Amino acid sequence: MGTLKFQKGLTHPEHIEFLIPETLPRPAGYSHVAKVAGGQTLYLSGQIALNAEGQLIGVDGFRAQAIQVFENIKKALEAAGADFSHVVKLTMFLVDLSYLPVLREVRDQYINLETPPVSSLVEVSRLIRQELLLEIEAIASLPA
């Protein structure tokens, strides 16, 4: 019984703690619980693979789209005075689950692998534009 607490790697702000209860299965690349004490909550809209000029990056190329999506999340976080260490939840929408290994590879360049954010992954039939292959929304928390 008890809870595993990750301590290694990129340090998250002190008001955020990620937990994997020993009573739940060990997850692959995410935490089961994000415990946030106080702070300001940021809700990021679903980000897609459009650049600042509104051009699609990575037409029919999942890796390029994934990188653009994570770069858009990074820019949105920066606009609010945050970074990926403040992200507590990712919700990822894919049009094809076969892209998951590449998604994980790209995601792992941005998140703390020792204490990853809690996450949900959903396969969808399509997104707002037919050529989009993924969309990711995020929740982050800044210290009070």
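Me: What should I keep in mind about the numbering and the model before reading any contact?

Reply: Residues are numbered from 1 along each chain as its sequence is written, and side-chain values use heavy atoms, with hydrogens and water left out. Since this is a predicted model, local features need pLDDT of at least 70 and side-chain atom pairs count only at pLDDT 80 or more, whereas totals for chains, interfaces and linings use all residues.

Me: How many aromatic pairs are there, and by what rule?

Reply: Rings of Phe, Tyr and Trp (its six-membered ring) pair if their centres lie within 6.5 Å, and the planes decide the label: under 30 degrees apart is stacked, over 60 is edge-to-face and the rest is tilted. By this rule the count comes to four aromatic pairs. One of them is the stacked pair of Phe62 and Tyr99, with 4.4 Å centre to centre and 5 degrees between the planes.

Me: Which parts of the chain does the pair of Phe62 and Tyr99 tie together?

Reply: Helices (H or I, at least four residues) and strands (E, at least two) are DSSP runs, numbered from the N terminus. Phe62 lies in helix α1 (residues 62–79) and Tyr99 in the loop between β5 (87–94) and α2 (100–107), so the pair ties together parts that are 37 residues apart in sequence.

Me: How many salt bridges does the structure hold, and where does Arg63 take part?

Reply: A salt bridge is a side-chain nitrogen of Lys or Arg within 4 Å of a carboxyl oxygen of Asp or Glu, and the structure holds three. Arg63 forms one with Glu105, the closest N and O atoms being 2.8 Å apart. This pair links distant parts of the chain, with Arg63 in helix α1 and Glu105 in helix α2, 42 residues apart. Arg63 is partly exposed at 38% relative accessibility, and Glu105 is partly exposed at 42%.

Me: Which residue forms a salt bridge with Asp108?

Reply: Asp108 forms a salt bridge with Arg107, again with the closest N and O atoms 2.8 Å apart. Here Asp108 is partly exposed at 25% relative accessibility, while Arg107, at 6%, counts as buried.

Notes: Buried means under 20% relative accessible area, exposed over 50%, partly exposed in between (1.4 Å probe, protein chains only).
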